[in-house]
Amino acid sequence: MHVSERFARVLFCLYSAGRSIMATIRSPPPNPSFLPDSRGWTTDLWAKEVLGPENLELTRKSRVVRIAHRKVLRHVQHEYVDVAFRVGDATAWVRVERNGTPARGVPQETIPDARDSRNANDNNDTPASNQVLLTSTPNRGASSTSLTSVLSTSSSGSSSATAHDTVHLLLFRKGIDISLPLAKEPDDREINTMELSGNRELSVTEFAVLLQSISKKAPKYDVIFKNCYWYAGAVCDCVCREYPYTLKRDRRRSTIHSFPLGAKLTPNSAFDELYRAWRAEVTTLENLKTKQEIDDEREKEAMKKLDAAVDAAVKEEERKRDEVVEAAVKEERRKRDEAVEAERRKRDEAEHKLKDLEEQLKRLQAT
């Protein structure tokens, strides 16, 4: 009976340890702070987070491993880009898209303020599995528009509207798994898929600068030209200009019910200009510093100031010591001079007295 109880205790300990290990393995990894939330960040805000000193060290090491250009086959046939990042030993999928209006259910003022709520992902209830699935908010406002309404909207001056270029997180899971996430609609078509090789790696920092650069070059939304089709095409075209990937020209790319829009109406020279602007901005990334580098520089600056303060203190101490020594030497010299002068006066007095005595002696002798 005693042996059975001991054996049961050993089994219970092993069972508890095994459950702890499995819970640790299955628990979703914490989201890096540079990843957007499921509601979406503007491309400018996301780039600032990616290039921030506190995230720069990680984002420089993180790589884009897959880019999928997708198309919704219903309604206005919206196009978007799903992108996979390798972040350490985990994989993140984000969705990049342009809309003429904010996605339904997302107040516009929450997008620039998403920086304050970026830790909200950590508080969401997540399944006990190896991935965190985030349901995206589809843009129903755009998909409910017919081709006729699209053309009428364009003719009414939609080019003055601000484009809403966003990046939002689809999922973040452990391991390097680049299988495509769920599409916006079940029957969405993959126009082109690029898998990036290890020979020419695209960092998350470069990709964030690309999105920010395209958004800055074309900040206004135009239903015919600078629309979702154009934005998705511009992202893929610029990447293919820098990295040797085959960009398949799907006939449905940048069309709405076979009507050409966006990228198909844009000459290659325009994409060349976007590419050159992107690579010019990439060259400035070398000047950015990580938080550790900034801290090291601050520490060096503090050490320089400390060394300068120590040197100043030592010099001041030496100056005071020199002043004390000089004062002591002057005092000693003064005392010595005074003693010499006193001795000289005594000698002069003695000589004067001796002369007086000699004169008195002479007078006595003469008498």
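Is R39 buried, exposed or partly exposed? I looked it up and found R39 partly exposed, at 36% relative accessibility (buried is under 20% relative accessible area, exposed over 50%, partly exposed in between, with a 1.4 Å probe and protein chains only).

I noted that this is a predicted model, in which local features need pLDDT of at least 70 and side-chain atom pairs count only at pLDDT 80 or more, while totals for chains, interfaces and linings use all residues. Residues are numbered from 1 along each chain as its sequence is written, and side-chain values use heavy atoms, with hydrogens and water left out.

Next I turned to salt bridges (a side-chain nitrogen of Lys or Arg within 4 Å of a carboxyl oxygen of Asp or Glu), of which the structure holds 25. R39 pairs with D37, with 3.2 Å between the closest N and O atoms, and D37 is buried at 4%.

I then checked D82 and R70, whose side chains form a salt bridge at 2.8 Å, N to O. D82 lies in strand β3 (residues 79–87) and R70 in strand β2 (residues 63–71), so this pair ties together parts 12 residues apart in sequence; strands are DSSP runs of E of at least two residues, and helices runs of H or I of at least four, numbered from the N terminus. Both ends are buried, D82 at 0% and R70 at 5%.

In helix α10 I found R334 and E338 four residues apart, about one turn of the helix, with their closest N and O atoms 2.4 Å apart in a salt bridge. R334 is partly exposed at 37%, and E338 is partly exposed at 44%.

Last, I recorded a salt-bridge network that links E341, R344, R345 and D348.
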